[in-house]
Amino acid sequence: MQRRQSSETLKKPPQAHHKNQTDLSAWRKGRRTDPEKSVQSHQSPNDQENDSEQDSLEEALSYFGQVQDRVSLRKNNVLQKHLTTVESVALQRGLPPEGFDVLLKVALSGKLADTVNTRLLKSLVPASVIPETSVVSAVSWLCVSKCSDNIQLLFLRWLITMFDFIDHKEELHALYGFFFSFLQDEKMCPYVCHLLYLLTRKESVKPFRIRRLLDLQVKMGMQPHLQALLSLYKLFCPELVTITLPGKMKTYFKNSEGPWKAAINTVRRRNQANSPVFQTLVLGTAQPQSRKRKWNTQLMIPASSTNRNDLEEDREKNCVKLYSRDESFPVEQLQTFSQLLQNIHRLEFPSQMGSVLTNPLLLHYMNCIKDESVYLRLYYWMGQTLQEECTWCVADNSQYEEEFKDFLETVYKTECFLQEGFSSCEEFLYKSLPLWDGVCCRSQVLRLVSWIPLGTFSEMKSHLYDPLAQLFFTSSLYFKCSVIESLKELLQNWLNWHVIHLDSESDSQVHSLNTTLSGLVNTVAELIHFVGRISTVALRLENNHLFLLYFILDFYETVCDMYLRYNLPLLIMPPAGVFYPALLSMDSVNLNQLCYIMYRYRTNLVAAKENDLSKKKMLQFKFSSQTYQEYNQYLIAMVGCLWTSSAFQKDTHPQGLRMDDELLKKTAVKEVKTSFNIVNHPAMMGYAVRFLQQAWPDDTTFNFSLIKGRRWDWYLEYLYSQGLEGLKVFIESSINRVSQASRSKAENVQV
């Protein structure tokens, strides 16, 4: 970076530290100094150790602050001693704010060898915050070209990594043009773009900067870091950026935090355990955080422009300025919904987009104001975090499974709040599912699956269905149930999305809506067929387990009502491998649920038929005749089993119950034809026993043949009283005699 300017324009005069900023002794004790409290005469061994570290650090900072001429590390025991002290303290406890001005100045002034400067920059890990004045002063040294290109590059990486720890950002924003001028350096360009991405506001977008980026893109090619900045510019000012940019989210920037990541994690965990003041200082928040990992701290709202005590003292003084139309509203002051409504067009989101996930007011803002720049920033941050912190994709992250689990849970809750899935989560799932063992963060991953945005079948088959199927068939019963539940929620989210967009479309948009609807119908159909296939195999593997069957039928309870409830012209019957195990189930809950599903299928199919006959066009779609045929076959089987005792003779489905009389005789079962009616069905036999006990308390023979004629009707009423509503609506809608009697009874009640 060879750019010579007068450093006087960027250097700031030394400023006294803020009265609330920690000093070295407060850092040493892990609390603020209080002159009113007396000093204890007795110190513990830990206090003595802290005092020793404090004294050594003060000596080291004093030494580095007094360096005038170029000093060599070789055979310089004093320099080696103080350098080791800084490294040891920084990597274990972090440096106090006062140390950054001294160490940045000496590292970028060129007075020490690059080896020493590199070690110093890699040691700049904060215990709490980094003063903005120290960063601005350090940036001024880039003007005089005293340090090498490698040190300048390392400084930029450090600045990007520590961006969230800088206590203020206004002066850094003022240096936007200065940083932009260094894009011409090819080595520095990716990191300068990353820094500019963090600093960019709407007022930062200028035509000459867009032209410069386009020129660089012509020179360097379609580089991801240039695309990132151009994408952000285009979102702020679409009229200025007219070129077409890739719409698919990708990893724009390289990871810059390598040299500091482990140290940051160590310092955070240590300071959280030992220093109560640390929880107040980190990013200017007063809320405790669990195990301070980089993404986890970003889930808190930073006080990025001023300290909270300053805000309280200056609130009245700055009130007029703060609420003027030309000023942005500090997000850290947003406390109530009324404030959100009053300042919704003046909000400036924090640089740490992760803080949005835990702030309901900001999420309301995202719902109300479709600001694409906000979504782009959030998607970039989330994509980077998911990729770097995934515990089964990155070997070193296995110890942080609980933290990653909490993060995924937070992302899921945000998706539920916004009622839409994030494309960055979709990409993460598509990349990580083939590597997933189905155990780590199981609940969270499957919940995220339920919010995958609508896509093409070919993409979803290779990235979602195939990896899930491999895990599904080889995992436990409970995992199978969890997958079915997740896919049911995925289907419901797609259908809800369709209803919302259907209501928002006008008559003039019917053609485009039908085009979109065609893709939705195909994708939804493939999802239902996929669930049907894996459900059939799973029931065989698990011996028709009742628990699994319940979740499968719950899925089809959504499928059977898609036409009337969600205005989707699609109905798909469950496969025979699901229907017949449910019909012959040993559990009355599953049988009752199947009856309700068949009743809703009938209601939807009748409505569709009436629509077709009355020539009321519903989005120009018609059901396949195969759907009606399958329903009729299933209906014959159910009525034959539960009512007429003729399923073995009249079931016409290729995989149905039809058997020859000779084969039935070989079973040696008495009254084999009535084995599955509502009296003798294994799922209903308990009700029949209790009915006989109440009707004939003295009869202990339990003669089921007594339930016939009028007693059959009494038995039906008894079943209805036991909460079998599914059975009730199915029988009343599908059995002519019962249906007529029910209508007659209803008319008598009305009269």
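Biologist: Is Val 537 buried, partly exposed or exposed?
Modeller: Val 537 is partly exposed, because its relative accessible area is 34%, where buried means under 20%, exposed over 50% and partly exposed in between, with a 1.4 Å probe and protein chains only. Please keep in mind that this is a predicted model, in which local features need pLDDT of at least 70, side-chain atom pairs count only at pLDDT 80 or more, and totals for chains, interfaces and linings use all residues. Residues are numbered from 1 along each chain as its sequence is written, and side-chain values use heavy atoms, with hydrogens and water left out.

Biologist: Changing topic, which residues other than glycine have a positive phi?
Modeller: Gln 419 has a positive phi of about 60°, and it sits in the loop between helix H21 (401-418) and helix H22 (423-432). Asn 543 has a phi near 55° and lies in the loop between H26 and helix H27 (546-559).

Biologist: And is Asn 543 buried or exposed?
Modeller: Asn 543 is exposed, with a relative accessible area of 67%.

Biologist: On to the rings, how many aromatic pairs are there?
Modeller: The structure holds 25 aromatic pairs, counting rings of Phe, Tyr and Trp (its six-membered ring) with centres within 6.5 Å, where planes under 30 degrees apart are stacked, over 60 edge-to-face and the rest tilted. The rings of Phe 178 and Phe 179 are 5.8 Å apart at their centres with planes at 65°, so this pair is edge-to-face, and both residues are buried. Trp 381 and Phe 407 also form an edge-to-face pair, at 5.7 Å centre to centre and 80° between the planes.

Biologist: What does the pair of Trp 381 and Phe 407 tie together?
Modeller: Trp 381 lies in helix H20 (residues 372-389) and Phe 407 in helix H21, so the pair ties together parts that are 26 residues apart in sequence. Trp 381 and Phe 407 are both buried.

Key
Helix = DSSP H or I, 4+ residues; strand = E, 2+ residues; numbered from the N terminus.
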